[in-house]
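Subject: Structure for you to look at

Hello,

Here is the structure I said I would pass on. My notes on the strands and on one residue follow it.

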Amino acid sequence: MSLVPEHLFYTKEHEWVEVIDSTTVRFGITDYAQNSLGDIVYVALPALGSSVKAGESCGEVESTKSVSEIYAPVTGEVIGVNENVEANPELLNVDSYTSGWLVTVSLAGDLSQYSLLSPSEYQGLTQ
């Protein structure tokens with residue numbers, strides 16, 4: 001069974017969202033996603049200062065099995081990228097929720113406008 005931390009929100013595309021403050025969130029891929037992908041060998045993240053739009057691809061994760069898009073769970077400006085994950089993609093297999101975070105975004109608008117799932121809703125999706 002996949003790890004689903006209670007303090008995060010989730011998407012149907014298997015990204016997690018952590019609220020940093022009222023205007024800032026951090027996101028990454030879920031434990032379920034990294035487990036499904038297998039050994040991750042490459043990660044491409046959006047550039048600092050670029051814009052991401054909810055539901056649209058903003059990067060990719062490549063594993064020994066396949067290449068998967070990373071979909072932005074929110075709309076806003078990229079204010080942080082995890083360079084450690086770009087240099088060491090296997091961090092996603094080790095800890096996709098803390099050291100394996102991907103992108104920090106300054107939100108455009110309110111978080112409530114996005115179709116994010118609660119931990120229990122996400123667990124229901126992945127069981």
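In what order do the strands of the open sheet of 3 strands stand? The order is E4-E6-E7, and the pairing is antiparallel. Strand E4 (40–44) and strand E7 (67–71) are at the edges; each has a single partner strand, so one side of each has no neighbour in the sheet. From one strand to the next, the twist averages 25°. Please keep in mind that this is a predicted model.

E4 and E6 are joined in the antiparallel sense by 4 bridges. Within this pairing, valine 43 has valine 61 in E6 as its bridge partner.

Serine 63 also belongs to strand E6, which covers residues 57–63. Is serine 63 buried or exposed? The cut-off for buried is under 20% relative accessible area. Serine 63 has 6% relative accessibility, so it counts as buried. Its side chain reaches the backbone oxygen of leucine 37 at 2.8 Å. Beyond its neighbours within four places in sequence, serine 63 is in contact with Leu37, Gly38, Asp39, Ile40 and Val41.

Strand E3 (residues 24–29) runs antiparallel to E9 and is joined to it by 4 bridges; here valine 25 stands opposite valine 105. E9 also pairs with strand E8 (residues 76–81), over 5 bridges and again in the antiparallel sense. In that pairing, glycine 76 is opposite leucine 107.

Regards

Definitions and conventions
Residues numbered from 1 in each chain as written. Predicted model: local features only at pLDDT ≥ 70, side-chain atom pairs only at ≥ 80, totals over all residues. Heavy atoms only, no water. Helix = DSSP H or I, 4+ residues; strand = E, 2+ residues; numbered from the N terminus. Buried < 20%, exposed > 50% of the residue type's maximum accessible area, 1.4 Å probe, protein only. Polar contact = N/O pair within 3.5 Å; in protein donor to acceptor, adjacent residues only side chain to side chain. Contact = heavy atoms within 4.5 Å. Pairing = 2+ DSSP bridges. Axes fitted to C-alpha atoms, helices over the stretch in contact; angles between N-to-C directions.
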